[in-house]
Amino acid sequence: MGDLATYAFTGIGLVFFAAGSAGLLRFPDVFSRLHALTKADNLGLGFIALGTSFQAGSWRDVALLALIWGLMLLAAATVSQLIARDALRERDGE
Amino acid sequence: MTAWLSFVAVGVLASLGAALLRVWRGPGRADRMMGAQLAGTSGVAVLMLLAPVEGWAALDVALTLSLFGALAAVGFVKAVSADGGGDPEEDDEGIVEPPPAGGASDG
């Protein structure tokens, strides 16, 4: 049962990862690319973490996976704000 | 199971390739920074996938890599500002009027 869940969730995670990366390449504008990058890819990471947690031997690994995904969410939130501010300033400021 | 996890890891590496393509082609510096951020995210994903295969110590590496991803962007923004001090609030008046396209108007 655990293996089936791993297959399913890591597959879904890969789909979101591919969608996010395709969006990063195909979107016309900096700000729309940010959406693809920070949202789709992190969701893919979340599904991959969920899928891998079914394989985890101990609860420590599951907690570590959740912590890593939480940190990546925080990182993505702050990074997208910082990059958007910089892109905005580059377009309007200088 | 190992084959499937390796297959998904290769798929995630393909997205790392997409990130490098964005770094190469990205018109603006913001695009290149996004490529670096995606490289960090896909690195963490590969480490997560290979943890059951190679050994759960890979998770500690993924934890460290995820922190570096965040700090890389902070370094990028700080390096961009004139004196390197890089307080994002310092020259807010640099943006003369809100962007016409209804972008994120801050402050």
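Author: Let's begin with helix α3 of chain B, residues 58-80, whose 23 residues should span 33 Å at 1.5 Å a residue; the C-alpha atoms at its ends are 33 Å apart, so the two values agree. The expected span is 1.5 Å times one less than the number of residues in the helix. Helices here are DSSP runs of H or I with at least four residues, strands are runs of E with at least two, and both are numbered from the N terminus. This is a predicted model, in which local features need pLDDT of at least 70 and side-chain atom pairs count only at pLDDT 80 or more, while totals for chains, interfaces and linings use all residues. Residues are numbered from 1 along each chain as its sequence is written, chains are lettered from A and ligands numbered from 1 in the order in which they are written, and side-chain values use heavy atoms, with hydrogens and water left out.

Chain B has three helices and zero strands, and its elements run α-α-α from the N terminus on. Of its 107 residues, 37% are buried; buried means under 20% relative accessible area, exposed means over 50%, and partly exposed lies in between (1.4 Å probe, protein chains only). In α3(B) the buried residues include B:Leu59, B:Leu63, B:Gly69, B:Phe76 and B:Val77.

Now to the interface itself. The contact takes 46 residues from chain A and 52 residues from chain B, where contact means heavy atoms within 4.5 Å. About 4,400 Å² is buried between chain A and chain B, and carbon and sulfur atoms give 74% of that area. Buried area is the accessible area (1.4 Å probe) that two parts lose on being put together, summed over both. In chain A, the residues that lose the most area to chain B are A:Leu25, A:Ile68 and A:Arg85, together 14% of what that side buries.

For polar pairs, the rule finds six residue pairs in polar contact across the interface, both residues at pLDDT 80 or more. A polar contact is a pair of N or O atoms within 3.5 Å; within protein, one must be able to donate a hydrogen and the other to accept it, and residues adjacent in sequence count only if both atoms are side-chain atoms. On the side of chain A that touches chain B, the elements giving two or more residues are α1 (2-26), α2 (30-53) and α3 (59-93) of chain A. Of these, α3(A) gives the most, with 23 residues. By class, that side of chain A has 26 nonpolar, eight polar and 12 charged residues. Here Ala, Val, Leu, Ile, Met, Phe, Trp, Tyr, Cys and Pro count as nonpolar, Asp, Glu, Lys and Arg as charged, and the others, Gly among them, as polar.

B:Thr41 is found in helix α2 (residues 29-54) of chain B, and it counts as buried because its relative accessibility is 2%. Leaving aside neighbours within four places in sequence, B:Thr41 is in contact with A:Phe17, A:Asp41, A:Leu45 and A:Met72. On the other chain, A:Ala76 lies in helix α3 of chain A and is buried, at 3% relative accessibility. With the neighbours within four places set aside, A:Ala76 touches A:Thr38, A:Asn42 and B:Gln37. A:Ala76 and A:Asp41 are 35 residues apart in sequence, yet their C-alpha atoms are 9.5 Å apart in space.

Finally, the charges. Side chains of opposite charge can pair when their charged atoms come close. The whole structure has three salt bridges over all chains, and two salt bridges are found across the interface; a salt bridge is a side-chain nitrogen of Lys or Arg within 4 Å of a carboxyl oxygen of Asp or Glu. A:Arg33 pairs with B:Asp31, with the closest N and O atoms 2.4 Å apart. That pair crosses between chains, from helix α2 of chain A to helix α2 of chain B. A:Arg33 counts as buried at 7% relative accessibility, and B:Asp31 is buried at 1%.

A:Arg60 meets A:Asp61 in a salt bridge (3.2 Å, N to O), and A:Asp61 is buried, at 5% relative accessibility. A:Arg60 also meets B:Asp60 in a salt bridge (3.3 Å, N to O), a pair that crosses from helix α3 of chain A to helix α3 of chain B. B:Asp60 counts as partly exposed because its relative accessibility is 34%. Through shared partners, salt bridges join A:Arg60, A:Asp61 and B:Asp60 into one network.
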